[in-house]
Amino acid sequence: MLILQESCTDSTGSYVIYAPVDIAAMNIVLSGGDPDYVALLPSGFAILPDGPGFNPGGIHDVRSGGALLTVAFQILVDSVPTAKLSLGSVATVNNLIKCTVERIKTAVTSENDA
């Protein structure tokens with residue numbers, strides 16, 4: 001399995017988008033095969049400013065107003081379209097979201113402390 005990733009950071013925000021890709025399928029595409037047969041389930045997150053802030057002198061400061069975190073996952077739980085989600089699948093997805101958000105918050109907080 002390979003991870004295909006795109007990321008960007010600028011003054012308007014940051015994002016990271018990624019998708020696991022089967023190595024054999026990727027090799028077929030790189031050899032000129034049809035990319036429509038490669039299953040891509042992209043996931044990722046974006047961090048955007050939550051409005052302007054002001055520094056102690058009352059001067060407008062773009063970086064001090066907080067941030068808005070958006071997380072999105074596309075996960076194939078069952079290949080049967082009519083299948084119902086199990087309680088275990090829901091718990092796994094909830095745990096994935098919780099852990100991801102905690103890791104992003106830790107990374108952003110430790111970056112600001114440095």
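Modeller: Two strands count as paired if DSSP finds at least two bridges between them. The model discussed here is predicted.

Colleague: Which residue stands opposite Pro49?

Modeller: Pro49 has Ala67 of β6 opposite. Strand β3, which covers residues 43–49, pairs with β6 in the antiparallel sense, and six bridges link the two.

Colleague: How many strands are in the sheet, and in what order?

Modeller: The sheet is open and has four strands, ordered β1-β2-β3-β6, with antiparallel pairing.

Colleague: Which strands stand at the edges?

Modeller: The edge positions belong to β1 (2–10) and β6 (67–72). Each has a single partner strand, so one side of each is left without a neighbour in the sheet.

Colleague: Turning to β1 and β2, what joins them?

Modeller: A hairpin of two residues connects β1 to β2. The pairing of β1 with β2 (residues 13–21) is antiparallel and runs over nine bridges.

Colleague: What is the bridge partner of Leu4 in β2?

Modeller: Leu4 has Ala19 as its bridge partner there.

Colleague: A change of topic: what does a side-chain oxygen of Asp22 reach at the start of helix α1?

Modeller: That oxygen of Asp22 comes to within 3.3 Å of the backbone nitrogen of Ala24, where α1 (residues 23–30) starts.

Colleague: And which residue takes a positive phi just after α1?

Modeller: Gly32 does, with a phi of about 100 degrees.

Methods:
Residues numbered from 1 in each chain as written. Predicted model: local features only at pLDDT ≥ 70, side-chain atom pairs only at ≥ 80, totals over all residues. Heavy atoms only, no water. Polar contact = N/O pair within 3.5 Å; in protein donor to acceptor, adjacent residues only side chain to side chain.
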